[in-house]
Amino acid sequence: MYDIIIIGAGPAGLTAAIYAGRQGSKTLILEKGIAGGKGLEVPLMENYPGYEKIQGQKLIQKMKKQATKHAKLKELEEVTKIEKNSKNFKIETKKDTYTTKTIILATGTRHRRLKIPGEKEFLGRGVSYCTTCDGPLYKNKKVLVIGGGNSALQEAIFLHKIGSKPTIIHRRDQLRAQKYLQDQIKKQKIPIIWDTVLKEIKGKEKVQEAIIENKKTGKTSTIKTDGIFIAIGEEPINKLAKNLGIKLDKAGYIITDKQQRTNIERVYAAGDITGGLNQWITACAEGAIAATTAYKDTQK
Ligand code: NAP
């Protein structure tokens, strides 16, 4: 029997584990992939206090090392079912079954898809959602980055830095990203095609062309490209929460109170799955609060 089982080992889950273990709770983290989640994809972070610049992968390594001093981590173990009994929860994974007094859901988000012809077909053959993973394959090559938020700009800056030639395609005439990132885009003279959407991705073995449409004029054109990085936002991974009957907002994010409690007693949520600012620092903060609340609630 565990005191706390944390589902998801991104920044929120790992921080929750540090707090949970240090307060004496018997804690297990279950992660369907490798610890880090989308944190592993952050090319360079410049807004995590204490580090002027740090790669997502490096910070995750540090957090994982610290978390596993205080809690057990099981990677590649996806939770398939959660059952609530009178006092405890039974958690089933593809490998085992566990019981716990409390649960912290830190399941995060997944990349939103454009849902256009060619996107699925060319995934891994020119279409990618992760510059840290695939960017180095595009050195000296032309790539398109789709989106106008922080992720798109961060990825374009990273691609430019590693010697690739990015062009941003954004559906409006104004960027959503922070000014700091916009200034870097200007400084590095990364081109932006405004008011434009990607309609189709074409190629033979690999991506070769993108069909784009100017939303103001309705005119379509074809651009030659070697790769397409899609960064158009995130969607919550909320299947387990839905099955448990947890209240979600309109966009599918888990609703919590200020102590990270959900509407189901002894289930807490932390990190990107709760929506909001979607920042590393806020995910960590929520993880810390969730673990502390879970501890307090079981002492009552
Ligand atoms: P985001 O902030 O939601 O931005 C998504 C962008 O994609 C927007 O510019 C949006 O256009 C565009 N878009 C959405 N759907 C589209 C579609 N179907 N076709 C074309 N364009 C589409 O998402 P994000 O940039 O992935 O960031 C997610 C969260 O992580 C945010 O909260 C962000 O602040 C955070 N984050 C922070 C940092 C940082 O602090 N350095 C870095 C990365 C991410 P519109 O602008 O027209 O809506």
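1. The backbone nitrogen of Gly-271 lies 2.9 Å from a polar atom in the side chain of Glu-286, and this note, which concerns a predicted model, begins with that pair. Glu-286 belongs to helix H7, which covers residues 280-299. Once its neighbours within four places in sequence are left aside, Glu-286 is in contact with Gln-260, Ala-270, Gly-271 and Thr-274.

2. Which side chain of opposite charge is nearest to Glu-286? That side chain is Lys-258, and it is 12 Å away, so Glu-286, although buried, has no salt bridge, given that such a bridge requires a side-chain nitrogen of Lys or Arg within 4 Å of a carboxyl oxygen of Asp or Glu.

3. Gly-287 is also found in helix H7, and Gly-287 counts as buried because its relative accessible area is 0%. Not counting residues up to four places away in sequence, Gly-287 touches Ala-12, Ala-16 and Ala-270; Ala-270 is also one of the contacts of Glu-286. Between the C-alpha atoms of Gly-287 and Lys-187, which are 100 residues apart along the chain, the separation is 36 Å.

4. The ligand is surrounded by 21 residues, of which the closest are Asn-150, Ser-151, Arg-171, Arg-172 and Arg-176. The element that gives the most to this shell is helix H4 (residues 150-161), with three residues. Taken alone, the ligand exposes 920 Å², and the protein buries 79% of that.

5. Two backbone angles deserve a second look, because most residues other than glycine have a negative phi. Leu-76 has a positive phi, near 55 degrees, and lies in the loop between strand E3 (72-74) and strand E4 (79-84). Lys-115 likewise has a positive phi, near 60 degrees, and lies in the loop between strand E7 (109-111) and strand E8 (127-128). Are these residues buried or exposed? Leu-76 counts as exposed because its relative accessibility is 54%, which is over 50%, and Lys-115 is exposed as well, with a relative accessible area of 70%.

6. Side chains of opposite charge can pair when their charged atoms come close, and a search of the whole structure finds 15 salt bridges. In one of them the side chains of Asp-3 and Lys-101 meet, with 3.0 Å from N to O. That pair links distant parts of the chain, since Asp-3 is in strand E1 (residues 2-7) and Lys-101 in strand E6 (residues 97-105), 98 residues apart. Lys-101 counts as partly exposed, at 29% relative accessibility.

7. Another salt bridge joins the side chains of Glu-75 and Lys-64, at 3.1 Å from N to O. Because Glu-75 lies in the loop between E3 and E4 while Lys-64 is in helix H2 (residues 56-70), this pair ties together parts that are 11 residues apart in sequence. Glu-75 is partly exposed at 25% relative accessibility, and Lys-64 is partly exposed at 26%.

8. Glu-92 forms a salt bridge with Lys-90, and the closest N and O atoms of that pair are 3.8 Å apart. Glu-92 is partly exposed, with a relative accessible area of 22%, and Lys-90 is partly exposed at 27%. Finally, Lys-38, Glu-234 and Asp-272 are linked in a network of salt bridges.

Conventions: Residues are numbered from 1 along each chain as its sequence is written. This is a predicted model: local features need pLDDT of at least 70, side-chain atom pairs count only at pLDDT 80 or more; totals for chains, interfaces and linings use all residues. Side-chain values use heavy atoms; hydrogens and water are left out. Helices (H or I, at least four residues) and strands (E, at least two) are DSSP runs, numbered from the N terminus. Buried means under 20% relative accessible area, exposed over 50%, partly exposed in between (1.4 Å probe, protein chains only). Lys and Arg count as positive and Asp and Glu as negative; His and the chain ends are not counted. A polar contact is a pair of N or O atoms within 3.5 Å; within protein, one must be able to donate a hydrogen and the other to accept it, and residues adjacent in sequence count only if both atoms are side-chain atoms. Contact means heavy atoms within 4.5 Å. A residue is near a molecule or strand if one of its heavy atoms lies within 4 Å of it. Accessible areas come from the Shrake-Rupley method with a 1.4 Å probe; for residues, only the protein chains shown count as cover.
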